[in-house]
Amino acid sequence: MFARASQLHLPHERTLGSLILNTAPAVSDFAQTVKQQADIVKIIEGYIRLRKSGAQNYSGLCPFHKEKSPSFSVHAVRQFYHCFGCQASGDVFSFVGKIENVGFPEAVRIVAQKCGIPLPKREFSSPEEAASSRLRSKLLDLHEAACVWFEEQLAAPEGATARAYLSGRGLAPDGIKKFRIGYAPDSFHALEERLRSMADTETLRASGLFSSKEQGDGSQGPLYDRFRKRVMFPIANESDRIIAFTARTLETGDKAGAKYINSPETPLYSKGHVLFNLDKAKAAIRQAEFALLVEGQMDCISVFLRGIQNVIATSGTAFTEQQVAILKRHTSQILANFDPDDAGQNAAAKTIALLTEEGFTIKLVSLEDGLDPDRFIRERGVDAYMAALRTARSQSDFLIARARQLFPGATSEQKLKAMNYLLPHIRRMPEKLSRDQFASDAAQKLGIDSAVLREELRQAALKRRDRIEPRAATLTEVERVLLRALAITDPDGEQARRHAAQAILQQPAWFEPLHAAPALLALANRQANDPMDVLEDPAQRALLAEALLAETKPPESVEVQSAIQEIEERSIAAQLRDLRDLIAEAERRADHAELAVLTQRKLALDRALRELHARGIED
Ligand SMILES: [Zn+2]
């Protein structure tokens, strides 16, 4: 599925920062034009296989979660998609944005290109969008200028220590140039002086390249260089533009501070959204059909420069879902080479868990003598490293070994702990065959002879614990009618729509007990044209999608009228039930004043109910 998507990838430059920024989609005129001309069914069919499943619907396997039977629907008339499994839903731009992992403006451009609609030179829907685009482009310029300056400083006399450090780590000048490694000198203001003419103070502050101290009055003090006396490793986005830095200290002892510091989160950079070196590695990853995943940036650089180019790094953090989504566009096979220490092994186990759920195949390598990839490849050469990679273990072997390491010994208590460590991993695997294999390996290698424990393992293999439970349909017929009425966009149905909207706005309390109440209220207030755009809560959007995907034609006014009447009846009936309780309570207390008030209210409600029934008969 993803291979197909990648082949269809358009050969255009991603706009800068779009990987990271998901600005709120204020819909521009251009986007509106594109949306009107695009056919969501055709666009989505470019990525996944769809089958006609109703008068206006198509369905297929959801590209956003792992599934065996299709719960992903596309509404051809209303031009939205919805997945009943993972609740993903939206319009053509949201689909393309999600699957290509780009922001709204970029999704608009991609769809426009697929439809052959010429792109305007630059489109901004609001002054805010224009300002944020200007800021991003300024921040990219600042990072580029900073990168060039750090490179110059590395070559300058002051960079001698840094050069010595890098050459000690086996980095030759061409490698340094390739990765644009630089040096931030021991100064609080050198970079600031260099960049000051390029931007105002607020923009410089937003770049994350500077720090400042909070003053006594709560305001921020003057800027000073964040990175000092450090080797600078630039971090690029997928379009090869610098968006952040990792900085390694050259100090030792008390003054050193953290060994590595990173740029903070900025409008350009979000740590969990970037895979280090993906810009340089992606072509090789697609070609090799797998990615080599290492922990550190130095590991990554070192391995890459010795010719293994499909290598990326997590930058020392556990994998995030966004990183998984990015990677999924390029491959579904991972060879992970994490450090053999406990932190590395724990990171490996976490990474396995996340990647397994997303359907990745994972193999793992641990290098001999506790070496990290950088040292191993420098000391023993690339051939030895390749040979080590070929000894990669399957994830089940790795996890079983890890379980035995964590819970050594042959007591039944230790075996039970080891098994409990493995069970969630087994349940996560999408394929029954692999679960079976994993479970029987685990039983054998842990020496589990207890019939009870074996049965537990067998059960784990039998059924995958679905991370995402498809929610049961919770809509009643009344809710269906009202949702469909409120979603009417055809002027012919305006009367029915207005009828429903007015009833809800006048008596919101009647509708409160309904599951779809938030959706009903939001839709009744709807200004935007597209009803699916109005709802932000995925659960509520799911209810609307369910109602719309089942509809053949919008409801008539009379259907709406009788739905509203039923709601009113239910509301009165509920009030009467409450009143009866209050009356019984007042009788027990012999509170006659209260009883008189309550009885009056009950009579009024009884009358309202009778009138309602009479009205129903007239209709
Ligand atoms: Zn889904």
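**Close-up views of a predicted model**

**Figure 1. Strand 9 and its two partners.** Strand 6 (residues 182-184) pairs with strand 9 in the antiparallel sense over 3 bridges. The model is predicted: local features need pLDDT of at least 70 and side-chain atom pairs count only at pLDDT 80 or more, while totals for chains, interfaces and linings use all residues. Residues are numbered from 1 along each chain as its sequence is written, and side-chain values use heavy atoms, with hydrogens and water left out. Helices (H or I, at least four residues) and strands (E, at least two) are DSSP runs, numbered from the N terminus; two strands pair if DSSP finds at least two bridges between them. Strand 9 also pairs with strand 10 (residues 242-249), in the antiparallel sense and over 7 bridges. Valine 231 in strand 9 stands opposite tyrosine 183, and in strand 10 the bridge partner of valine 231 is arginine 248. The hairpin of strand 9 and strand 10 has 5 residues between the strands, and in this hairpin aspartate 240 takes a positive phi near 70 degrees.

**Figure 2. Burial of strand 9.** Buried means under 20% relative accessible area, exposed means over 50%, and partly exposed lies in between (1.4 Å probe, protein chains only). In strand 9 (residues 230-236), 7 of the 7 residues are buried, so the strand is largely enclosed by the rest of the structure. In a regular strand the side chains alternate between the two faces of the sheet. Arg230, Met232, Pro234 and Ala236 point one way from strand 9, whereas Val231, Phe233 and Ile235 point the other way, and all are buried. For the chain as a whole, 49% of the 619 residues count as buried.

Figure 3. Strand 14 (residues 333-337) pairs with strand 15 (residues 361-364) in the parallel sense over 4 bridges. Leucine 335 has lysine 363 in strand 15 as its bridge partner. Axes are lines fitted to C-alpha atoms, for helices over the stretch in contact, and angles run from 0 to 180 degrees between N-to-C directions.

**Figure 4. Helix 12 against helix 15.** The axes of helix 12 (residues 297-305) and helix 15 (residues 373-390) come within 10 Å and cross at roughly 25 degrees. That angle makes helix 12 roughly parallel to helix 15 (angles under 35 degrees count as roughly parallel, over 145 as roughly antiparallel, 65 to 115 as roughly perpendicular and the rest as oblique). On the helix 12 side, the contact residues are Met298, Asp299, Ser302 and Val303, which meet Pro373, Asp374, Ile377, Arg378 and Tyr385 in helix 15. These contact residues divide into 5 nonpolar, 1 polar and 3 charged. Ala, Val, Leu, Ile, Met, Phe, Trp, Tyr, Cys and Pro count as nonpolar, Asp, Glu, Lys and Arg as charged, and the others, Gly among them, as polar.

**Figure 5. Helix 20 and its cover.** In helix 20 (residues 477-486), 8 of the 10 residues are buried, so the helix is largely enclosed by the rest of the structure. The buried residues are Val478, Glu479, Val481, Leu482, Leu483, Arg484, Ala485 and Leu486. Their cover includes helix 21 (494-506), helix 22 (508-511), helix 23 (517-524), helix 25 (538-550) and helix 26.

Figure 6. Threonine 266 lies in the loop between strand 11 (260-262) and helix 11 (278-288). Threonine 266 has a relative accessible area of 12% and is therefore buried. Leaving aside residues up to four places away in sequence, threonine 266 touches Ala206, Ser207 and Gly208. Arginine 180 is in the loop between helix 8 (173-178) and strand 6. Although not a glycine, arginine 180 has a positive phi of about 55 degrees, and at 22% relative accessibility this arginine counts as partly exposed. Alanine 590, in the loop between helix 26 (557-589) and helix 27 (592-618), has a positive phi of about 55 degrees and is not a glycine. With 43% relative accessibility, alanine 590 counts as partly exposed.

Terms used
Contact means heavy atoms within 4.5 Å.
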